[in-house]
Amino acid sequence: MAQSKGWVRRYFKAFCKGFFVAVPVAVTFLDRVACVARVEGASMQPSLNPGGSQSSDVVLLNHWKVRNFEVQRGDIVSLVELLVILEVPDEAALP
């Protein structure tokens, strides 16, 4: 019984070490280097998603080239909307 608890403890410890290394590396990679996105709808036809609404294409968005200003004519650029939520104070709290 004591031997099985030692195995579980070692497994859990190794899992935690791997998790706390892999998550920051993955988040940094997805934020700075590249990420995967799905293209749906007719907005990019005929280059992407030629089948229309029945199918979708998966693309790799290269953040690295955009950060280094290496975008060239003919490249497809994806714009991402940043959502910012502002809190409005209550009227009762105003002087």
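The following legends describe close-up views of a predicted model. Local features are given where pLDDT is at least 70, and side-chain atom pairs count only at pLDDT 80 or more, while totals for chains, interfaces and linings use all residues. Residues are numbered from 1 along each chain as its sequence is written, and side-chain values use heavy atoms, with hydrogens and water left out.

**View 1. The protein chain has two helices and two strands.** In sequence order, the pattern is α-β-β-α. Helices (H or I, at least four residues) and strands (E, at least two) are DSSP runs, numbered from the N terminus. Of the 95 residues, 6% count as buried; buried means under 20% relative accessible area, exposed over 50%, and partly exposed in between (1.4 Å probe, protein chains only).

**View 2. A nonpolar patch on the surface includes Phe19.** Accessible areas come from the Shrake-Rupley method with a 1.4 Å probe, and for residues only the protein chains shown count as cover. Patches are made of residues with over 30% relative accessible area and no salt bridge; like charges are joined within 9 Å, and nonpolar side chains (Val, Leu, Ile, Met, Phe, Trp, Tyr) within 5 Å. Phe19 lies in helix H1 (residues 2–32) and is partly exposed, at 42% relative accessible area.

**View 3. Asn49 sits in the loop between strand S1 (34–39) and strand S2 (57–62).** Asn49 is buried, with 0% relative accessibility. Beyond its neighbours within four places in sequence, Asn49 is in contact (heavy atoms within 4.5 Å) with Val39, Glu40, Gly41, Ser55, Ser56 and Asp57. Asn49 and Val39 are ten residues apart along the chain, and their C-alpha atoms are separated by 6.8 Å.

**View 4. Glu70 and Lys65 form a salt bridge.** Side chains of opposite charge can pair when their charged atoms come close. A salt bridge is defined as a side-chain nitrogen of Lys or Arg within 4 Å of a carboxyl oxygen of Asp or Glu, and the count by this rule is one. Here the closest N and O atoms are 3.9 Å apart. Glu70 is partly exposed, with a relative accessible area of 37%, and Lys65 is also partly exposed, with 36%.
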